Amino acid sequence: MRRAVLTFALSLLTLTGASQAADCSKAVWSVASGQSGQTPLMDTNVMGEMVMRIWALPPGVPVKTLSFIYMPKRSTNHWALTLLEPRGQPGEFFGVRTLNFIRTVKKDGQTVQLYTLGDGMFKGLYLMDGQVKNRSGKFMHILMLLTPQMVQEELDPAMFVK
């Protein structure tokens, strides 16, 4: 109940413009790094190659789900955070005021934009922000924070628009 009230209050303040933009970056990192103490809904380790954790309605982060993917065998710099159905502006989740646009990918009504973060806790990392279709064809909003190593080796925004 308390979480619902807090989420509602943050959403209301954002919608009315009565406050400065929230900075959820510390709460996002606290959950993703395991410091928040919240048990993940799913915690998978695939032969030490990939660690994936998913939290539903994480505390202090107004999203449906937060997931963290880490590839320790590649390097400590191979990781990504994904936020599904975020309620707020992209910069609020990562404590950033400056997004540097790189490119947009569009297909069948789906749009994904790729940026670099110009400041804040995650300065220099990449952000993908988009409206994509899930497996059932329903549109969902996704924010994905990626290290440069993940962008160079693993991901292309086009892979999210099927």
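Predicted model: local features only at pLDDT ≥ 70, side-chain atom pairs only at ≥ 80, totals over all residues.
Residues are numbered from 1 along each chain as its sequence is written, and side-chain values use heavy atoms, without hydrogens and water. Local features need pLDDT of at least 70 and side-chain atom pairs count only at pLDDT 80 or more, whereas totals for chains, interfaces and linings use all residues.

Helices (H or I, at least four residues) and strands (E, at least two) are DSSP runs, numbered from the N terminus. Two strands pair if DSSP finds at least two bridges between them. An open sheet is formed by 8 strands in the order β1-β2-β3-β4-β8-β7-β6-β5, with antiparallel pairing. β1 (42-46) and β5 (99-107) stand at the edges with a single partner strand each, so one side of each lacks a neighbour in the sheet. On average, neighbouring strands are turned by 15 degrees against each other, direction ignored. Axes are lines fitted to C-alpha atoms, for helices over the stretch in contact, and angles run from 0 to 180 degrees between N-to-C directions.

Lys107 has Gln110 in β6 as its bridge partner. At the other, 5 bridges join β1 to β2. Thr44 is bridged to Met52 in β2. The hairpin of β1 and β2 has 3 residues between the strands, and Met47 there takes a positive phi near 50 degrees.

Helix α2 (residues 25-32) has the buried residues Ser25, Val28, Ser30, Val31 and Ala32. Buried means under 20% relative accessible area, exposed over 50% and partly exposed in between (1.4 Å probe, protein chains only). Their cover includes β2 (50-56), β3 (65-70), β4 (79-84) and α3 (90-94). Ser30 counts as buried because its relative accessibility is 18%. Beyond neighbours within four places in sequence, Ser30 is in contact (heavy atoms within 4.5 Å) with Gln35 and Ser36. Just after α2, Gly34 has a positive phi of about 85 degrees.

The whole structure holds 8 aromatic pairs. Rings of Phe, Tyr and Trp (its six-membered ring) pair if their centres lie within 6.5 Å; planes under 30 degrees apart count as stacked, over 60 as edge-to-face and the rest as tilted. The rings of Trp29 and Trp79 form a tilted pair, with centres 5.2 Å apart and planes at 50 degrees. Trp29 lies in α2 and Trp79 in β4, so this pair ties together parts 50 residues apart in sequence. Trp29 is partly exposed at 25% relative accessibility, while Trp79 is buried at 12%. One aromatic cluster comprises Trp29, Phe68, Tyr70, Trp79, Phe94 and Phe122.
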